Structure formats: C-alpha cells, structure tokens
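Subject: Structure handover

Hello,

I am passing this structure on to you.

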Amino acid sequence: MDVKPGYKQTEVGVIPEDWKVKQIKDMKPYVTSGSRGWASYYSDQGSPFIRITNLNRASIYMDLEDLRFVNLPANNSEAMRTQLQDGDILISITADIGIVGNVSSKLPKPAYINQHIALVRFDPAQTSSRFVSYFLASEKPQRLFRALTDSGAKAGMNLTTVQQIRVNLPPTKAEQEAIAGALSDADALIESLEQLIVKKRQIKQGAMQELLTGKKRLPGFEVKSGYKQTEAGLIPEDWELDSLEHLSAFITKGSTPTTYGFKWETHGVLFLRSECVSDNGLDLNQSMYISPEAHSVLRRSQVCDGDILITITGNVGRVVFLYGIGTANLNQHIARVRMNATHVNAHYVYHFLSQRSVRRRFASITTGQAYPQISLKQVRDAKVPRPPTKTEQTAIASILSDMDAEISTLEEKLAKARQIKQGMMQELLTGRIRLV
C-alpha cells in the first residue's frame with residue numbers, strides 16, 4: 001500500500017510521521033473500575049452514581065437526565081478510590097462494551113461509578129483526555145470493542161485489556177486540544193439542535209392539547225358557547241363526538257404473505273411491518289419486500305397515500321399518516337384507517353390519534369402480557385371529538401402539520417450535523433487534516 005509523503009503505516013492505520021501510537025498504559029494513567037455492592041447506599045438524593053445507561057455512543061458527553069444517587073458514609077475508602085474528576089474517561093467494560101464518556105464540569109461532584117465502568121485518568125499537563133475520548137469513540141476502536149461484545153453473552157473487558165488499547169497521538173497537547181475543541185464544537189451544535197427539537201415537540205404537544213379539545217379556537221371560528229362533558233373529556237358544545245368507525249370509509253388490518261405461500265423478496269413491492277411505524281414517522285429501514293403477484297393477491301393489506309396506520313400489537317398506538325408511499329402492503333399487526341373525505345379532514349384525525357393521551361388509552365385496554373394487542377373493534381370504537389365544520393378541522397390540522405414540517409426540517413439538519421461530525425472524526429483523528 002502506497003503511503004503519501006509525511007505519513008506512515010502503523011498497526012492502527014496511516015498517520016502523520018510525527019504522530020505516535022501508544023498503549024494507554026504507556027501514558028501512565030490512573031486506571032480503576034467502580035465499586036460493587038453499593039445498593040445499600042442508593043438514595044433519592046446525594047452524590048451522582050454513574051451507570052452504563054448514562055453513557056451513549058452518539059457523544060462522549062454523558063446523559064445526566066436519569067441519574068441515580070448514593071449517600072456514602074464519611075471517609076469511605078471505595079468512595080475515595082472511585083470518586084470522579086473533570087477530565088476522567090469512562091469506558092463500559094461489561095455487556096455493551098466500549099461506550100465512552102468524558103467527565104465534565106456539568107456533572108455535580110462528588111460523583112462515582114459502578115463496577116461495569118472503567119475509569120482512566122491521565123496527567124492533564126501531558127495528555128488531552130477529550131482527544132483520547134474522541135479517539136476511543138471513533139470507528140476503528142469501536143470495531144474492536146464490538147468484537148469483544150460479540151464474543152459471548154458474558155463478554156467483558158478487564159482493566160489490563162483497557163490499558164492495552166492503542167491510541168493515535170499528535171505530538172503536542174496543543175494539537176490534541178485543537179482537534180478535541182473542533183469536535184466539541186460539532187457536538188455543541190448537535191446538542192443545540194437536539195434541545196431545539198425537544199422544545200418544538202413540547203410546543204406542538206401543548207398546541208395539540210389546546211386545539212384538539214377546543215380549549216382554544218382559531219380566529220374566525222370563535223363560538224360563544226359553553227362546554228360539555230363527553231367520553232373524550234370536555235369539548236365545546238358545538239363540537240361533535242364520533243367513533244373512528246363512523247368517520248372512516250373502512251378500518252381493516254394487513255396480512256402476512258407467508259401465510260398465503262408467498263416468499264420474502266430482496267426487492268419488489270414495499271411491505272410495512274409494525275416496526276416501520278415509529279414515534280418519529282415512517283421508518284422504511286424496517287420494511288421488507290414482496291413480489292408484485294403477492295401485492296395483487298393480498299388486496300386487504302394494500303395501502304395508499306392518505307391512509308392512517310395504527311400499531312395494534314406490541315407497542316400499540318403508534319400512528320403515521322401515509323404520503324408519498326406509492327405501492328405498498330402491510331402486515332396484520334397494523335390497522336389501516338381510510339377516512340371518509342366528505343365530512344372529515346384526515347390530517348385532523350391523524351393529529352388527534354397521535355396524541356400521547358390517545359396512545360395511553362389504547363395501552364390501557366390491551367390484552368395479552370408477553371404480546372400486548374388491541375382489536376380492530378377497539379380501534380373502531382375510539383372516540384374522536386371534532387369541530388362542526390371540515391374547514392375548522394382543516395385549519396387546525398394545517399397548523400399542526402406546519403409544526404411537524406418544522407420539526408422534520410430540524411431533524412434533517414440534525415442528521416446532517418451528525419454526518420459532518422463523523423466525517424470530521426475520520427479526518428482529524430487520523431491526521432489527514434491538521435489543525436496545528
């Protein structure tokens with residue numbers, strides 16, 4: 001393999017000639033793992049106790065939303081050994097091996113780790129822990145971690161193995177910090193987009209609660225009347241309450257091709273499974289394919305634009321509105337609702353069904369424990385409050401659809417930002433691009 005001038009081939013790939021490859025132990029770190037048997041110290045408040053669930057592969061910065069706490073006796077020797085400091089690198093060493101975290105000032109101190117996490121602490125004057133964290137979270141080290149994870153159900157990594165991990169190192173800490181700083185800026189952009197998406201979703205949920213119950217009427221549709229109590233809660237007196245069956249042209253469910261002797265294909269007509277119906281819309285990565293012949297035979301499972309899909313087994317109550325789908329079929333775990341277009345806006349009904357309160361209602365009537373499900377009758381019986389005119393329904397649906405479009409645009413920006421960060425990691429952590 002030809003190596004361009006100024007670079008060299010090493011056991012971890014091609015890197016600049018002035019970079020070095022070192023094992024973690026060569027950098028004289030403090031390495032330990034968390035403590036066992038701290039269940040008796042769990043508390044509703046106290047010192048944060050970091051678990052693998054607080055680490056994530058998308059970022060070296062920890063998720064502090066779901067913290068556990070411990071209250072430790074004074075001068076506890078295990079607490080002294082495992083107490084975290086800013087700059088510490090955390091690595092999961094059991095089960096899902098190789099998730100990397102970097103301790104920052106955002107984590108309240110004192111804080112501790114459990115026995116499933118290794119702690120690596122470098123001399124901050126010599127080594128940038130953020131750089132090493134990003135390197136360990138990059139593609140090649142993660143492939144090695146995955147190989148360890150795939151080695152068996154009881155896969156684990158001991159501290160000796162942790163210390164043997166090889167790291168690409170720029171010659172100066174200044175260059176390490178410059179690379180880490182650029183990647184941290186990318187992470188900051190990603191985090192800001194994630195937070196903005198959460199905020200926009202919360203705003204949409206609030207708007208749904210107001211508009212889909214008539215608590216707030218849009219300009220031009222104000223009616224000076226009171227409210228009435230219904231099965232769906234309080235709604236304006238001029239609103240109507242109908243079953244989903246009454247508003248629909250028909251409600252049915254799909255079928256499985258193999259039941260009728262058809263095989264799965266590598267390409268052909270799109271076949272939607274319940275896994276395709278996600279909280280964030282239709283996930284075609286989870287779909288399969290059937291032959292055109294199977295599509296024509298399985299008429300009951302054919303779908304088209306404008307259909308509303310509702311999962312009726314497993315994680316029940318997830319809802320999507322189909323558009324741009326083309327020719328497709330679905331399985332028996334999804335209900336297909338086709339609206340009566342003459343007196344109801346299909347988007348309005350979709351937004352009503354996508355509310356968390358409706359999903360909770362479906363979940364509360366499930367049968368079966370290992371495989372929860374609801375029947376088509378229960379879908380048909382679902383009550384939908386609606387404004388008296390299709391015009392008002394359309395106005396409400398338009399506002400909520402605009403909010404969905406804004407969220408979708410932000411999600412596309414987020415996906416792009418994540419792709420850019422991955423590209424930066426591949427270039428910067430291998431020295432293909434030099435910042436200093």
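Predicted model: local features only at pLDDT ≥ 70, side-chain atom pairs only at ≥ 80, totals over all residues.

Residues are numbered from 1 along each chain as its sequence is written, and side-chain values use heavy atoms, with hydrogens and water left out.

Helix packing

Helices (H or I, at least four residues) and strands (E, at least two) are DSSP runs, numbered from the N terminus. Axes are lines fitted to C-alpha atoms, for helices over the stretch in contact, and angles run from 0 to 180 degrees between N-to-C directions. Angles under 35 degrees count as roughly parallel, over 145 as roughly antiparallel, 65 to 115 as roughly perpendicular and the rest as oblique.

Helix α11 (residues 390-428) packs with helix α8 (residues 346-353) at about 60 degrees, the axes being 8 Å apart. The two helices α8 and α11 are therefore oblique to each other. Their crossing is left-handed (the near helix is turned anticlockwise from the far one by less than a right angle; clockwise would be right-handed). On the α8 side, H347, Y348, Y350 and H351 meet Q393, I396, A397, L400, S401 and D404 of α11, where contact means heavy atoms within 4.5 Å. This contact has five nonpolar, four polar and one charged residues (Ala, Val, Leu, Ile, Met, Phe, Trp, Tyr, Cys and Pro count as nonpolar, Asp, Glu, Lys and Arg as charged, and the others, Gly among them, as polar).

α11 also packs with α5, at an angle of about 165 degrees and with axes 10 Å apart. That makes α5 roughly antiparallel to α11. The contact of α5 with α11 has 24 nonpolar, no polar and eleven charged residues.

Helix α2 (residues 129-136) packs with α5 at about 65 degrees, with axes 8 Å apart. From α2 the contact takes R130, F131 and Y134, and residues of α5 including Q176, E177 and D187.

Of its 33 lining residues, D279, N280, G281, Y350 and D404 are the closest to its centre. Elements that give two or more residues to the lining are α5 (173-211), β19 (281-282), β23 (319-321), α8, α9 (356-364) and α11. By class, the lining has twelve nonpolar, 13 polar and eight charged residues. A pocket is an open set of points on a 1 Å grid over the protein atoms alone, where a 1.4 Å probe fits, with protein on both sides within 12 Å along at least five of seven lines; lining residues have an atom within 4 Å of a point.

Backbone

The peptide bond from K109 to P110 is cis, with omega near 0 degrees. P110 sits in the loop between β9 (100-102) and β10 (112-113). K28, in the loop between β3 (20-23) and β4 (30-33), has a positive phi near 50 degrees and is a residue other than glycine.

Regards
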